[in-house]
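Good morning, and thank you for joining.

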Amino acid sequence: MTQYPEFGAGLWHFATYVDRYAVDRYGDPRGTLEQIELAGKVKDLSWVDINYPFSPGVTVDEVKDALKANNLKCVGITPEIYLRDHVRGAFTNPDDAARRRAIDIMQAGADMVRELGARYVKTWPGQDGWDYPFQVDYHDVWKKSVDAMRELAINNPDLNFVIEYKPREPRNHMIWNNASRTILGIQEMGVDNVGVLLDFGHSLFGGETPSDEAQLLIDHGKLFAMDVNDNFRGWDDDLVVGTVHPIEILEFFYTLKKNNWEGVWQLDEFPFREDVVEAANLGIDFLKAICRTLEVIDMDAIAQAQAAQDAIAVQRMVQKALFSSMAGE
């Protein structure tokens, strides 16, 4: 019997959204508690990453009760430092007061991690970056980003912080835009409790090979968490995992297994038009097939083929293992 890992999802998977065209939203608004209730309907889902602040009027006790009622746990808190107040930046905002508000929101998120017994505070300062040449002083915005993360890490030595890098969107160029740059920033901070949450889709979108970046982060001891989805590499589509790049997803988890990396296998999907529960079920079903594949795949044979850089031999092995495992338990 296959031993599956624990599966998680960003709670935003169960929300509704607007875009440049459907400004009237792809469905009626859903608050934090309703999102948790929908997450509870997903088979095999154990963890959720929760946005903070919660929807208006929702208390932490209500969130605790909703999680318990739906047999879920909080894996992380994602403070919302990318909304209207931060359109000119969170940690890099030219207004000192706005920058301080962003750090205060992060600190409140850290307090909520303790309150809910979560594993990390997730940092996604999506508005930190630039859009035009000459718009920013690159040294200045980099220093502000590093200094803010160092301050939070030092003030909360009992907690882990993870940075989720992304090449662009909403900014045309984001501060934390690839794995290597993020590692450099963390090294500059000089703290031990800041790492990386590697988003598979962001890595694809950035032109990276996600498995290569996972190995790099593991080698530097900085792969604290990960989440998965899929896209066509031209945009951060946040599609259901495995629907576009099944072989690269397999290679990603193969790399994690090879390095004995353990953690929650988390979905970061945005099913704008799809049934949110069924989209999550489909993603988890695919991840379970990946688990079965990793049980039967011949890692020694793969290592030998890789030593010879025999691409065809490796492809034969991984395709047979994956597609046969997808047939069922």
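Let me begin with Phe-253: beyond its neighbours within four places in sequence, Phe-253 is in contact with Met-226, Val-228, Trp-265, Leu-287, Ile-290 and Leu-294, contact being heavy atoms within 4.5 Å. This is a predicted model, in which local features need pLDDT of at least 70, side-chain atom pairs count only at pLDDT 80 or more, and totals for chains, interfaces and linings use all residues. Residues are numbered from 1 along each chain as its sequence is written, and side-chain values use heavy atoms, with hydrogens and water left out.

Phe-253 also belongs to an aromatic cluster with Phe-7, Phe-200, Phe-252 and Trp-265. Rings of Phe, Tyr and Trp (its six-membered ring) pair if their centres lie within 6.5 Å; planes under 30 degrees apart are stacked, over 60 edge-to-face, and the rest tilted. By this rule there are 13 aromatic pairs. In one of them, Trp-142 and Trp-176, the centres are 5.1 Å apart and the planes at 50°, so the pair is tilted. Trp-142 lies in helix α4 (residues 138-155), and Trp-176, 34 residues apart from it, in the loop between β7 (173-174) and α5 (179-189); helices (H or I, at least four residues) and strands (E, at least two) are DSSP runs, numbered from the N terminus. Both tryptophans, Trp-142 and Trp-176, are buried, meaning under 20% relative accessible area with a 1.4 Å probe, protein chains only.

Finally, a charge: Arg-119 lies over the face of Trp-47, 4.5 Å from the ring centre. The criterion is NZ of Lys or CZ of Arg within 6 Å of the ring centre and within 35 degrees of the ring normal.

Definitions and conventions
Buried < 20%, exposed > 50% of the residue type's maximum accessible area, 1.4 Å probe, protein only.
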